[in-house]
Amino acid sequence: MQVCKYFPVASDRMGMIWTISSIEGACIIEFGPAGTTHFAIEGIGSLNGEEKSKIYSTHMDQGDVTFGKYDRLENSILEIDENINPKYIFVMASSVSSVIGADVESVCSTMQDKVKAKLIPIKTAGLKYDYTVGVENTLLLLINNVVKSREELGIENGQQTYNIIGSNIDRYNFLSDTNELERIMDVIFDKKVNTTFTAYTNIDEIERASMASLNIVTRKEGLKAAMIMDERYGIPYIYANLYGLKNTIKFIEQVKNITSWEVNEENLEKEIESVKNHLFSVKRRFYFYEKNKDAAVFGDYDTVIGMSDLLNELGINIDRKQIIYKTDCEDETIIASDDELDRMKYLRDTELLMLLGDGVTLDMKHNSKFDLQISNPNLHRVNIYPSTPYIGFKGCLLMIEKILNIKL
């Protein structure tokens, strides 16, 4: 059994709740103890996200567990359908009820003819998988059950807009990073976002996702959803890493090639020059610096890969790259492990110039000249200002500024 001083990696149930909770107009019923639902809602605040949906708990007692009764769940579905009148009700089992084999799919099938809302069962919510699997499965659930075809929407061809797949509230800097992505698409291509999956969107926007002509995937967990939309609606997708100047320019070239959208070359040149003017300032500052110039990066999959690219571009050596949960990763230089003790030992024994990580890693005893939180879980930070991106042109400038301000 692994020792945890801080938090174990969140389960797939938490990933599902986080993904749906930021969709206005969504309605979730969790079949389980009220305390577990309350804990999940409290956790949304620690992510610096807002709960836009309506989340309800049926509560449970010994009889529900012992005899497998579904009366509470069935009555909750009827009550919410009548009083709230939502388009969709997502029905899920809590960790407790899923362990004992609660069959929410059968309940939804039985109750569908008795309500106006479309009942969408969430079939997995146990303890086997981590939150990233929950995010991935919920994005697929939305594509398969909420997104409407162009025929249903009454349109023939896709519009000159794009969807963002992967902007979820469990990403630490989701608000600023999404704003920077939208700004780049506006300034460089004069294009507006159609639907964002799923931070601060609404059910109607999710329904209209098939209207877009491009999907921009910003995290690995959104790839399967994008592939289905490509197959079903003919919407091509780009899996984008926008950390650093090189990756941002590469992304713009990808968009141009896949869509034939016209690039505003004047604006692009201004954006590039605004970063290039300061890139050499970082390299010049550390050129004759003979002390430790190592950095360590800890966090979620895409943030670790992206931030490492950005730091390498700025001439900072990466001593350790670690994804803080177990996952497949093609880059053999990246560690994928949630072992807290191993992380503690590394931080205790290693001198660093920069430590970039989640709130837990930054809270561990360490020796570095500069710390920056880039990933969740979050212990102390409050993020409400939407203009501090880590990606894109402005993200480059922000990181350059922070590095130039390190006291050597």
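Visitor: Which residue of β4 is the bridge partner of I29?

Guide: This is a predicted model, in which local features need pLDDT of at least 70, side-chain atom pairs count only at pLDDT 80 or more, and totals for chains, interfaces and linings use all residues. Residues are numbered from 1 along each chain as its sequence is written, and side-chain values use heavy atoms, with hydrogens and water left out. Helices (H or I, at least four residues) and strands (E, at least two) are DSSP runs numbered from the N terminus, two strands pair if DSSP finds at least two bridges between them, and β2 runs parallel to β4 (residues 88-93) with four bridges joining them. In β4, the bridge partner of I29 is V91.

Visitor: Which residue of β3 does E30 stand opposite?

Guide: On β3 (residues 54-57), β2 has a parallel partner, and the two strands share four bridges. The residue of β3 that E30 stands opposite is S57.

Visitor: How many residues of strand β2 are buried?

Guide: The side chains of a regular strand alternate between the two faces of the sheet. In β2, the residues C27, I29 and F31 point one way while I28 and E30 point the other way, and all are buried, a term that means under 20% relative accessible area, with exposed over 50% and partly exposed in between (1.4 Å probe, protein chains only). Strand β2 (residues 27-31) is therefore largely enclosed by the rest of the structure, its buried count being five of the five residues.

Visitor: Which helix packs on the sheet and touches β2, β3, β4 and β5?

Guide: The open sheet has four strands in the order β3-β2-β4-β5, with parallel pairing, and its edge strands β3 and β5 (118-122) each pair on one side only. Its neighbouring strands are turned by 20 degrees against each other on average, direction ignored, where axes are lines fitted to C-alpha atoms, for helices over the stretch in contact, and angles run from 0 to 180 degrees between N-to-C directions. At about 165 degrees to the direction of β2, the helix that touches these strands, where contact means heavy atoms within 4.5 Å, is α4 (residues 71-83).

Visitor: What is the bridge partner of V91 in β5?

Guide: Strands β4 and β5 pair in the parallel sense over five bridges. In β5, the bridge partner of V91 is P121.

Visitor: Which residue in β12 is the bridge partner of A295?

Guide: Strand β11 (residues 294-299) pairs with strand β12 (residues 317-323) in the parallel sense over six bridges. In β12, the bridge partner of A295 is I318.

Visitor: Within what arc do the buried residues of α11 fall?

Guide: Helix α11 (residues 223-233) has L223, A225, A226, M229 and Y233 as its buried residues. Seen down the axis of α11, these residues line one face of the helix, so the arc, which is that of the directions from the helix axis to the C-beta atoms, is within 160 degrees.

Visitor: What relative accessibility does T198 have?

Guide: T198 lies in strand β7 (residues 193-198). Not counting residues up to four places away in sequence, T198 touches T19, S22, I23, L139, L142, S167 and N168. T198 counts as buried, with a relative accessibility of 0%.

Visitor: How many residues of helix α1 are buried?

Guide: The buried residues of α1 include D12, R13, W18 and T19. Helix α1 (residues 12-21) is largely enclosed by the rest of the structure, because its buried residues number 10 of the 10.
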